[in-house]
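Subject: Structure handover, with notes on the aromatic residues

Dear colleague,

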Amino acid sequence: MSVMAGATTVGDLAGAIGIRTQEAAIVAELKAGSEEAYAWLIGEFHQPIYSLVYRMVADSADAADTTQEVFLKVFRGMKHFHGESSLKTWIYRIAVHEASNRRRWWFRHKAKETSIEPAGMSTASGVASAIKDSLVDGADSPFDRVAHEEVRARVEEELRKVSEPYRTTLILRDLEEMSYEEIAEVTQVSLGTVKSRLTRGREALRQRLTAYVQEAGLGLRSGERKVASQSGVSCGGREFEVAS
């Protein structure tokens with residue numbers, strides 16, 4: 001358990017202990033084959049895991065298949081989970097591993113296939129649909145939705161071009177908002193390596209986005225803030241403004 005220096009209270013500790021106790025009870029039920037526990041697990045983690053995998057493989061069908069495989073691995077491997085890390089960290093570790101394997105397979109095989117759909121329809125519509133479902137702010141005007149969806153799509157597109165392992169580190173930190181300690185556990189590297197990868201990944205993304213931001217003159221909001229703002233994207237020599 002990571003604790004912020006000078007910010008720990010008895011209530012914080014009690015809450016953390018309570019969470020651990022609750023998780024231990026859930027794990028015990030999962031190991032016993034409880035259908036209710038498995039239903040809770042799916043409801044709690046399916047959408048976050050799908051979002052993580054989708055950002056890594058960039059194909060909705062592959063993301064769905066990979067997410068299903070992740071939970072099969074979780075169900076089959078539950079008996080081997082002994083609580084060395086949190087349940088969330090363990091599941092995310094499996095997800096990152098499966099998504100990386102799927103991405104490598106895609107580059108070896110699927111990338112060579114020729115789509116029968118009109119040019120640009122499959123990837124573009126898939127990205128737009130996924131972004132619309134998860135990121136569009138319903139309070140925006142139609143014009144704002146189109147503008148910000150375009151920015152989000154470009155951020156996602158450039159993020160996919162950041163090389164591994166920097167891209168996965170960016171996703172886990174700036175989009176999934178995991179702590180450095182959690183990322184270290186998920187990727188099984190040291191804290192220093194996590195911070196180094198994050199710094200290099202943000203710089204790589206900043207370089208990819210700076211020209212676009214200067215050309216488009218658009219503001220980044222919510223979803224984009226997690227990657228573009230953290231990467232220090234600037235416009236006109238100053239830090240890019242992020243609308244609230």
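Predicted model: local features only at pLDDT ≥ 70, side-chain atom pairs only at ≥ 80, totals over all residues.

Residues are numbered from 1 along each chain as its sequence is written, and side-chain values use heavy atoms, with hydrogens and water left out.

The structure holds five aromatic pairs (rings of Phe, Tyr and Trp, the last by its six-membered ring, pair if their centres lie within 6.5 Å; planes under 30 degrees apart count as stacked, over 60 as edge-to-face and the rest as tilted). Among them, Tyr-50 and Tyr-54 are stacked, because their ring centres are 6.2 Å apart and their planes lie at 20 degrees. Both residues belong to helix H2 (residues 35-57), where they are four residues apart, about one turn of the helix (helices are DSSP runs of H or I with at least four residues, numbered from the N terminus). Tyr-54 has 7% relative accessibility and so counts as buried (under 20% relative accessible area, with a 1.4 Å probe and protein chains only).

Phe-81 and Trp-90 form a tilted pair, with 5.0 Å from centre to centre and 40 degrees between the planes; Phe-81 is buried at 4%, and Trp-90 is buried at 12%. Tyr-38, Phe-71 and Phe-75 form one aromatic cluster.

Finally, the charged end of Arg-173 sits over the ring of Tyr-180, 4.3 Å from its centre (NZ of Lys or CZ of Arg within 6 Å of the ring centre and within 35 degrees of the ring normal).

Best wishes

Note on methods. Helix = DSSP H or I, 4+ residues; strand = E, 2+ residues; numbered from the N terminus. Buried < 20%, exposed > 50% of the residue type's maximum accessible area, 1.4 Å probe, protein only.
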